[in-house]
Amino acid sequence: MRWGAWSWLVPDGLWEIAKPLIPPSKVRPQGGGTQDTPDETLFAANIYVLVSSCAWRTLPPCFGVSKSTAHRRFMIWSRAGVWPRLHEAVPHRLDDAGLVDVTRVVLDTAHVRAKKGGEHTGPSSVDRGKPGSRMRVLPDANGLPLLVGVSADNTHDSEGLKPMVEGHQTRHDPHRGRCFKPQRLHADKAYDRADLRRGLRWKRIGVRIARKGIESSERLGRRRWVVERTMSWLSGHRRLSPRYERDSRNYLAFLGLSAAPCCFKRLVRLTT
């Protein structure tokens with residue numbers, strides 16, 4: 001496969017992982033050339049929108065696809081679950097190479113301004129009450145974003161711990177029964193709740209949550225830098241911050257699409 005001028009957008013090998021996940025394109029009843037556009041070109045166009053944060057209508061003509069075609073295919077693939085499955089497939093390859101370290105995971109959130117409002121947005125306490133969302137990330141000890149999520153900005157951080165941990169434990173390969181169970185979870189004082197500590201211990205997960213009024217935040221900083229670096233990797237894709245999608249499913253799709261290359265680049269770096 002030849003990407004031409006846009007080869008820098010898609011790391012070598014990522015398309016080979018994504019290709020089996022892409023549903024076959026359907027011929028439109030009214031005809032036209034939509035079905036003739038290669039899937040790899042549309043894949044690269046979607047990543048370009050993610051990286052550059054350009055509007056669909058300003059997609060460069062170099063891709064040879066119309067804005068409506070690129071956007072429609074993004075929506076079709078999003079509803080088909082392509083992006084979360086791609087995000088799962090790359091860590092599975094890392095796990096095959098013994099490169100997933102779940103001896104500890106670090107949970108944290110980041111504020112994202114929501115330009116157009118929409119689902120899972122709320123008044124921000126750090127942005128003068130403007131609509132915002134929270135990007136939730138759960139990376140492994142090396143900073144690989146194994147699980148991502150989104151919630152309203154006025155949702156307390158602690159409310160996201162159970163969904164993130166449960167999602168982390170139930171994600172698996174249906175053919176191999178794979179499950180990444182963390183041994184320890186690190187989090188800041190926002191998650192210091194007795195019921196959350198009990199729930200983690202019941203799941204046999206070590207608790208490393210800073211205690212309010214007892215432990216210094218500097219102690220947590222030895223582990224916190226990992227998740228902050230992961231946030232920086234994801235925020236480097238300009239479509240994520242600020243948020244332009246009113247539909248939270250579309251924003252979460254972009255979030256999953258951004259996490260997959262982050263994991264894949266580490267796979268290439270550690271296996272070559």
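## Helix H6 and its sheet

Helix H6 (residues 194–202) lies across S6 and S7, running at about 150° to S7. The angle is taken between N-to-C directions on a scale from 0 to 180 degrees, with axes fitted to C-alpha atoms, for helices over the stretch in contact (heavy atoms within 4.5 Å). Helices (H or I, at least four residues) and strands (E, at least two) are DSSP runs, numbered from the N terminus.

This is a predicted model, in which local features need pLDDT of at least 70, side-chain atom pairs count only at pLDDT 80 or more, and totals for chains, interfaces and linings use all residues. Residues are numbered from 1 along each chain as its sequence is written, and side-chain values use heavy atoms, leaving out hydrogens and water.

## The parallel sheet

Look next at the open sheet of three strands, ordered S1-S6-S7 with parallel pairing (a pair needs at least two DSSP bridges). Strand S1 (105–106) and strand S7 (206–209) each have a single partner strand, so one side of each is left without a neighbour in the sheet. Four bridges join S6 (residues 184–187) to S7, and Leu185 stands opposite Val207 in S7.

## Asp192

Asp192 sits in the loop between S6 and H6. Its relative accessibility is 19%, so Asp192 counts as buried (under 20% relative accessible area, with exposed over 50% and partly exposed in between, using a 1.4 Å probe and protein chains only). A polar atom of the Asp192 side chain lies 2.9 Å from the backbone nitrogen of Lys212.

Strands S4 (residues 131–139) and S5 run antiparallel, joined by seven bridges. Here Val137 stands opposite Val148 in S5.

Note on methods. Polar contact = N/O pair within 3.5 Å; in protein donor to acceptor, adjacent residues only side chain to side chain.
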